[in-house]
Amino acid sequence: MKPLYVLNGPNLNRLGKREPAIYGTTTLAEVEQICRDAAGQRPIVFHQTNSEEKLIDLVHEAIDEAAGILINPAAFTFTSLALLDALKMFEGPVVEFHISNIHKREPIYHRSYVSMRADVVMAGLGARGYGVAVGALMVMLNGRAP
Ligand code: CA2
């Protein structure tokens, strides 16, 4: 069975340690476990990087290996055409995920390049929403080759 790739962008390694009012107290290690629990038998490849280049390389790896991508691109959501171009090369389902509701925030957080490729966009459910997003990805995979 092909894995789901769960990719996290810059600063999310600090999850649970800063700005709990916006991002909560769940750590990234706990998020990884939430994703694995939600995926059941489906393997998860889980990464976080602060580098745009590394994130694009991980999308390229997913193009060859993954059944679906769940991505929280963090600040690269709003800046990276290169990330959008890489995601456009992926043929499976893509879920764009944000812990906070980016649309409640300042206008600079409203325009997502990644949404131009994502099949599903989720924002505002907190870190526990990662499990829901994995479920959404598996719904999108129903009926496709394993
Ligand atoms: O809500 C999200 O998941 C975001 O993608 C998080 C990004 C932010 O740039 C997006 O607008 C929304 C990253 C926020 C900064 O990272 C932190 C991580 C942990 C604690 C505090 C900040």
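How many aromatic pairs does the structure hold? There are 2 aromatic pairs, counting rings of Phe, Tyr and Trp (its six-membered ring) with centres within 6.5 Å. Take Phe78 and Tyr109: their ring centres sit 5.4 Å apart with planes at 80°, so this pair is edge-to-face (planes over 60 degrees apart; under 30 is stacked, and the rest are tilted). Phe78 belongs to the loop between strand 3 (68-72) and helix 4 (81-88), and Tyr109 to the loop between strand 4 (94-98) and strand 5 (120-123), so the pair ties together parts 31 residues apart in sequence. Helices (H or I, at least four residues) and strands (E, at least two) are DSSP runs, numbered from the N terminus.

This is a predicted model, where local features need pLDDT of at least 70 and side-chain atom pairs 80 or more, while totals for chains, interfaces and linings use all residues. Residues are numbered from 1 along each chain as its sequence is written, and side-chain values use heavy atoms, leaving out hydrogens and water.

Now for the ligand. It is surrounded by 16 residues (a heavy atom within 4 Å), and Tyr109 turns up again among the closest, with Asn72, His98, Ile99 and Ser100. The protein covers 93% of the 510 Å² of accessible area that the ligand has on its own (Shrake-Rupley method, 1.4 Å probe).
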